[in-house]
Amino acid sequence: MHNHDHESSSSRIGWAFFLNFGFTIVEFIGGWLTNSTAIMADAVHDLGDSLSIGLAWILSKIAHKQANDTYSYGYQRFSLLGALVNGAVLIGGSIWVLSEAIPRLSDPEMPHAQGMIVLAIFGIAVNGFAAYKLSHGKSLNERVLNWHLLEDVLGWVAVLLVAVVLSFVDLPVLDPLLSIGFTLFILFNVTKTLIDTIKIFLQATPDTKVRQDIISDLKSLEKIRSVHHVHIWSLDGANDVLTAHLELEKAISDLGQQELKREISRTLQRYDLSHTTIELEFPDEDCRDSEATSTKTTLPTSP
């Protein structure tokens, strides 16, 4: 199932790459023909997007390789690396767009409005379709790439609005104003996603409430006295890993342990975890992982 998800992810990113790169070429030609500095600036930005999406596509293909001795959890974190790189590139591109748009507020140039309208409609259609393809993805990599494409869609909407207005009114300052507006909007959202990506890279708990729910569910099992050393982290923003130590109320037989493991599996099923490692400890058994913490503690069931 996970392998199929990764192949679908790679296919969606591949679609986005070819659509974005092909349209970037059209955009450079169109910017030259319409004498629009806004379109030329967006073409340069789209070229950077295309390179980022191409990198994400390569990393996405690597991500669904099978686990081995070197990468025992598999290659899914390579996809996360793509999200980190793309987020950084998109923030850098947004800052560059702002640096180009702000000076034009004092000295705007009048472009060819009719040509801009044609290019804008084409741009909305191409980038909108690519964004729609990626909107079905769940990984952080696809979410960041989707912001790349949504930025382009919003940019072309801005170009279309400006071009229509400029067809009737001599007010070229609208072009840089709209560019600044949508770039700030994208910059805000991508920064939030990039922060989430960095937290996952640092193995932060994806959702502290889910962690507390898991602790509570495990402690509610009849044969469990305490739950400790509970660690949850995410491989790529979509596939989470859990490890935990469970101290038993009393010693139980091999058959009892097998039944308890099945009960634990049923309890954790609703959390859709990719990997779980549960260690059972007998009463008064020393926990080998508690050397750094000196004493074993029972975690609370609520924050």
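Is F23 buried or exposed? F23 counts as buried, at 3% relative accessibility. The views below take this residue and others in turn, and the model they show is a predicted one.

**Figure 1. The protein chain as a whole.**
Let us start with the overview before zooming in. The chain has 303 residues, and buried residues make up 46% of them. Its secondary structure comes to 8 helices and 3 strands. Reading from the N terminus, the elements follow the order α-α-α-α-α-α-α-β-β-α-β.

**Figure 2. Helices α3 and α6 side by side.**
This view brings together α3, which spans residues 76-104, and α6, which spans residues 174-201. Two packed helices are described by the angle between their axes and the distance between the axes. Here the axes come within 9 Å and cross at roughly 155°. Angles over 145 degrees count as roughly antiparallel, and α3 and α6 are therefore roughly antiparallel to each other. Their crossing is left-handed. Sorted by class, the residues in the contact of α3 with α6 are 21 nonpolar, 6 polar and 2 charged.

A pair of aromatic rings is described by the distance of the centres and the angle of the planes. For F17 and F21, the ring centres are 6.0 Å apart and the planes stand at 15°, so this pair is stacked. Planes under 30 degrees apart count as stacked. Both residues belong to helix α1 (residues 2-34), where they sit 4 residues apart, about one turn of the helix. F17 is buried, with a relative accessible area of 18%, while F21 is partly exposed at 36%. Together with F18, these two residues form one aromatic cluster.

**Figure 3. F23 meets F122.**
Here we return to the residue of the opening question. The rings of F23 and F122 have centres 5.3 Å apart and planes at 80°, so they make an edge-to-face pair. Planes over 60 degrees apart fall into that class. The pair links distant parts of the chain, with F23 in helix α1 and F122 in helix α4 (residues 113-134), 99 residues apart. The two partners also have their own accessibility values: F23 counts as buried at 3%, and F122 counts as partly exposed at 40%.

**Figure 4. The three-stranded sheet.**
Now for the strands. They form an open sheet of 3 strands in the order β1-β2-β3, with mixed pairing. At the edges stand β1 (224-234) and β3 (275-281), each with a single partner strand, so one side of each is left without a neighbour in the sheet. From one strand to the next, the twist averages 10°. β1 is mostly covered, with 9 of its 11 residues buried. β2 is mostly covered too, with 8 of its 9 residues buried.

The hairpin of β1 and β2 has 5 residues between the strands, and in it G237 takes a positive phi near 95°.

**Figure 5. Strand β2 against β3.**
In this view, β2 (residues 240-248) and β3 pair in the parallel sense over 7 bridges. T243 stands opposite T277 in β3.

Which strand holds E247? E247 has its place in strand β2. Its relative accessible area is 8%, and E247 is therefore buried. Residues under 20% relative accessible area count as buried. The C-alpha atoms of E247 and P283 are separated by 6.5 Å, although these residues are 36 residues apart along the chain.

Notes:
Residues are numbered from 1 along each chain as its sequence is written. This is a predicted model: local features need pLDDT of at least 70, side-chain atom pairs count only at pLDDT 80 or more; totals for chains, interfaces and linings use all residues. Side-chain values use heavy atoms; hydrogens and water are left out. Axes are lines fitted to C-alpha atoms, for helices over the stretch in contact, and angles run from 0 to 180 degrees between N-to-C directions. Helices (H or I, at least four residues) and strands (E, at least two) are DSSP runs, numbered from the N terminus. Angles under 35 degrees count as roughly parallel, over 145 as roughly antiparallel, 65 to 115 as roughly perpendicular and the rest as oblique. A crossing is left-handed if the near helix is turned anticlockwise from the far one by less than a right angle, and right-handed if clockwise. Ala, Val, Leu, Ile, Met, Phe, Trp, Tyr, Cys and Pro count as nonpolar, Asp, Glu, Lys and Arg as charged, and the others, Gly among them, as polar. Rings of Phe, Tyr and Trp (its six-membered ring) pair if their centres lie within 6.5 Å; planes under 30 degrees apart count as stacked, over 60 as edge-to-face and the rest as tilted. Buried means under 20% relative accessible area, exposed over 50%, partly exposed in between (1.4 Å probe, protein chains only). Two strands pair if DSSP finds at least two bridges between them.
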